[in-house]
Each structure stands twice: as C-alpha cells, then as structure tokens.
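Have a look at the structure first, then read on.

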Amino acid sequence: MLRLRVKQAMADAVAIGRVWRYRAGAYAPSGRVVPSGERPAEQSRFDAAVAAAEGELEKLAAANEIFAAHLELAADPMLMENVAEKIAEGMTAADAVHAASGELAALFAQIDDEYLRARADDVRDVCRRILRQLVPSETDPFAAIPDGSILAADELAPSDTARIDFSRVRGVVTRCGSATSHLAILARNRNLPAVVGLGDDFDRLDDGTIVVLDGSAGELLIAPDEHTAAEYRRRMEEAEARSAAADAYASQPVTTRDGRVLAVLANAGSVDEVERAIRSGADGIGLFRSEFLYMQRQDGFPDEQVQTAAYARAAELCGGRPLVIRTLDIGGDKSLPYYRFPEEENPFLGWRAIRVSLELRDMFRTQLRAILRASARGGVRVMFPMIVSLAELRDALALLEECKEELRRQEVPFDDRIPVGVMIETPAAVFMADELAAEVDFFSIGTNDLTQYVLAVDRGNRRIAAMYDTLHPAVVRAMRLTVDAAHRHGCEVGICGEFAGCAAHAELLVGLGFDELSVAPPSVPAVKERIRGLETPQAELMARRAVEAATASEVHELIGVG
C-alpha cells in the first residue's frame, strides 16, 4: 500500500474504487490537399461545425461560466481567420482546425501573463469541440466508465466534464489542475472526493488498481490492503448514514449546542440553482452571482425586464429568506461574448467588478433598477464586489439612491430599506473595514479572492498552487479583523467563498464570529450538522489559537485538516 499526502483534496468525503484511466485521443492530420473547387465546401463544413459547437456551448453556458468564456472564443476572429486562411491554402477543415489550435495555443503559452497563458488550454478545448463536429467519434470514451470508478486523467477540460456521467464516478484524480479549477469547483458542488494537481505521482496509478481518496485527511491510498480497505468502507457507510440524518434536518434552523444562532445559506448562479439550494435546506441565498445572466447572452447586456424577472423569480423561490444579489462581477477570469475588455497585463488587478460598473453607469443603473424592482418580493439584498475605498462605495450608494428616486417618481414598488452590503476580498477592504461597516448593513468575505490577494498567489497558477491556502495565518487574521470591525458597527458578516463549504472549517468560522456561512448547495446539510455539534467557547478558543499561529501547517493541525 502506498499512502500519499496531497495538498489539493476536494470535498470533505471519502471514496474507494478501481482506477479508470482516461486517455484523450489525439487527432491525426490527414495531410490531404483539397482541390481548389472543393475548398468552399470545406469552409462551409467548418462554419457548420462552429455553429454546432456554439449551440452546445450556449446550453452549457447557462449552468457554468467556463463555457460562456469558451462560447466567446469559438467565434474569435483570430481563430476564424486562421482556419479560413488554411482552408483557402488547401487544408481540410479538420486539419486546419488542428493546425490553428496548435499555433494559437502556442502563441498564448508564450505570453508572460499567467491568466493569458491559461487561455491556451481554452483554445485547445474549443478546437477539440469543433473537431468533434468535423470528425465525429463513433464512441464516447466516457461511456465506458464502469460504475463505482475512480476517474483518473492527466486533466479534464470543461468539455470533458460535460460528457461524464458522474453517477458512475466515486472520485476523481488528475495530474494537473488547481484548487480553484473548473473541476475542483464541480467536485465540491457534487461533494465528490477529488485530488487535483497530483503531479508526477499520477504515474503510479494503473487501470484497475484499488485506491482510496480521503478528502477530509487529504490522503490518497494506492492499493490498500484488505484491512485498510474494509476500514474505509465502514467509514463510508457511517458517512452515508450521517449524511442521511443531516438531510432530514437540513431545513431546520441552526444553533450551536450552547444556543448561538447562525444561518447557513447557499451560493447560486441561476434561478435553477436557487431552487435546488432551497430544496437542500439552505436558509436563503448568500451569494447570487448575477454575472451569469450577462454571460449567457450573445447580443448585449440583459435589459431591465430580463433581470427583474430573474431576480424576482429567485426571490419568490426564497420565500422571504435572504437573497443577496451581487452586482456584476466581471473581468479577471470572466469575460462577456459581446463586450471586449481591454488587454491587461494582470486582469485580476485590473478593470473588473465594481470598477466596470462605475464606468458603465447606464449598464449599472439598469441592474440596480432591476434589483430594486425585485426587492418588492421581499428578502432581496444588494452587494457590491471588489470595493477597495469609501469613494467607490459612496459612488455606488449614490447611484442606488438615484435609482430609488426614479422608481418613486414612476410609482414602481420596491423595498426602500433594501439592505446593502460589500464583498470583503482585498487587503484594502480589510484595513478599511471600520469605515465601510459604518455605511452598510452587512459584509460578506469572499475567501477565493481574499486569499489570492493577501498571499500574492495567483489561484490559477499551477506552479504555485500549493501556496494558495486560506488557512494561512495571514488570511485567518484578515478574517478576524473584518469580523471584529463589522460587529463594532452592528454590521452582520458572512462568508461566501469556497472555504466555507467544508464542514471541517465550521468550528474555526464559528469561533471567528461569523453570523452566516454561504456554501455550495450540496454542502448545506453537512455544514449545518457540524455547527449543531459545536460549543461556542471551544470554537472561540480554536479561533484564537489559529489567529496566533505562526504557520499554515499549525492551523491545519489545529483544525484537523490535511
């Protein structure tokens, strides 16, 4: 038996099964020279393949922002022109796509900026999708996955995960990837144990080998002996029983053993996800990612009617429970198919989120009016992302007041006292927390970005992925400073980053003083169950020790997370 400690284990769960290795097939260029008279037909084949690929991506984009970015790339003029030139020179459509994919991916891979380098993977994935339209495979490679498998792959692109029947998969292991990759987020949303970015140790996995993935301990066991395998099977059965018990009480209010009341809400990116979250027992929606409404469209920003309808429906589903709508958080790693953002050396430190909204004021005004109109259904709150100064906040608040006055004049109903909050996701916001808290009703800490900015670690950079750690004492201290500042001003404070969805982190977050946690919908029952077993004094003692810790490993050991 080989036991590996891993840095990037996803989902607080255990899985055991046999390895099924996915090996992506490579396209073999035909090398055929197309006669000049047939080249227009090849161009037409390519155009049809792109249209079919875009049709697939439009459906997928409704559920995942990754595919919205791919949809934009599928119609990129650089790709279109490159392929057209090659077809005009005599290549088949498939050979032209294959060649263009390699050239453009190589071009992106040479760029110094890490974000733009990562676009090379997107180019290859989009071109593979177009190639599948031109050269359809007779069989779907993922159709052969046996039930109960541990899926192992060098990497899994979004287009791959869209084809996988995850009901057959107990866990996933990849050679490449990071804690914030598409696959990692998918695994957490499904509570699917996964190890991403295993590196060279991936070569130790052979087809048919029994392995154990222990997401809670951060371990991968290869070829465990029968005694060890039996012990993990017993643990899985106990976990399933606990999960069933947690599901039964998921919709009930949450209090610690000593009577402290907390709220466990859910993150959502669409009306459908809101519905699933409420069914899972969420106490409301702590983060509604409004950018998905923008990313799904092809012909421009969604108008006021479209947005009002979506927000109002989400509010109805919440039934008076909180619905925190984050205003457009675009830029960084998120783009729009109909709006070209300027090229930036570092998009994560560039024109994004509230900075975009405050410049595109007509667009921002439309969104604020839609949110206000939906607030008439009850429970709606508005939250501004990426705030780093009082000037930004006051500018946004002034525009909100202008929208309120417009609606009053038009006699359109809305909640005149709609709660307003800000995302705390930069060191600037942490250090300005006292001033910000004096002007808003609530905070929500976005740990994904906060960790990235506090540690100066690009969360998408594979080389330094292991350094991205929300349990680093600097990040823990930033959370403590924020919570304390909020409470000094009677301001509620929640957390909506991926970090909150791990039940093992609940004691630390309760001890730090958070009023609410917003998590992926599948995590709601387990997080609620964990909180019900906590005593506030013990949690506060753990939090004090975590704040005083000198290293991330000390904090990991303190809360029992590998």
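Buried here means under 20% relative accessible area, exposed means over 50%, and partly exposed is in between (1.4 Å probe, protein chains only). This is a predicted model, so to speak of local features takes pLDDT of at least 70 and side-chain atom pairs count only at pLDDT 80 or more, while totals for chains, interfaces and linings use all residues. Residues are numbered from 1 along each chain as its sequence is written, and side-chain values use heavy atoms, with hydrogens and water left out.

**Asp 283**
- At 18% relative accessibility, Asp 283 counts as buried.
- Asp 283 sits in the loop between helix H9 (271-279) and strand S11 (285-289); helices (H or I, at least four residues) and strands (E, at least two) are DSSP runs, numbered from the N terminus.
- Its side chain makes a polar contact with the side chain of Lys 528 at 2.9 Å. Such a contact is a pair of N or O atoms within 3.5 Å; within protein, one must be able to donate a hydrogen and the other to accept it, and residues adjacent in sequence count only if both atoms are side-chain atoms.
- Beyond four places in sequence, Asp 283 touches residues including Leu 262, Arg 321, Pro 322 and Lys 528 (contact: heavy atoms within 4.5 Å).

**Lys 86**
- Lys 86, in helix H3 (residues 77-88), counts as buried at 10% relative accessibility.
- The Lys 86 side chain makes polar contacts with the side chains of Asn 82 (2.7 Å) and Glu 103 (3.0 Å).

**Nonpolar cores**
- A nonpolar core is a set of buried Ala, Val, Leu, Ile, Met, Phe, Trp, Tyr and Cys residues joined through side-chain atoms within 4.5 Å.
- The largest one has 106 residues, and Phe 384, Phe 443, Met 479 and Phe 514 have the most contacts inside it.
- Helix H14 (residues 390-409) gives the most to this core, with eight residues.
- Another core, of 25 residues, lies apart from it and has Phe 46, Ala 53, Ala 105 and Leu 131 among its members.

**Largest cavity**
- Its lining is made up of Gly 286, Val 324, Phe 442, Phe 443, Ser 444, Glu 492, Val 493, Gly 494 and Glu 516. On a 1 Å grid over the protein atoms alone, a cavity is a set of points where a 1.4 Å probe fits but cannot get out, and lining residues have an atom within 4 Å of a point.
- Strand S15 (442-445) and strand S16 (492-495) are the elements that give two or more residues to this lining.

Note on methods: On a 1 Å grid over the protein atoms alone, a cavity is a set of points where a 1.4 Å probe fits but cannot get out, and a pocket is an open set with protein on both sides within 12 Å along at least five of seven lines; lining residues have an atom within 4 Å of a point.
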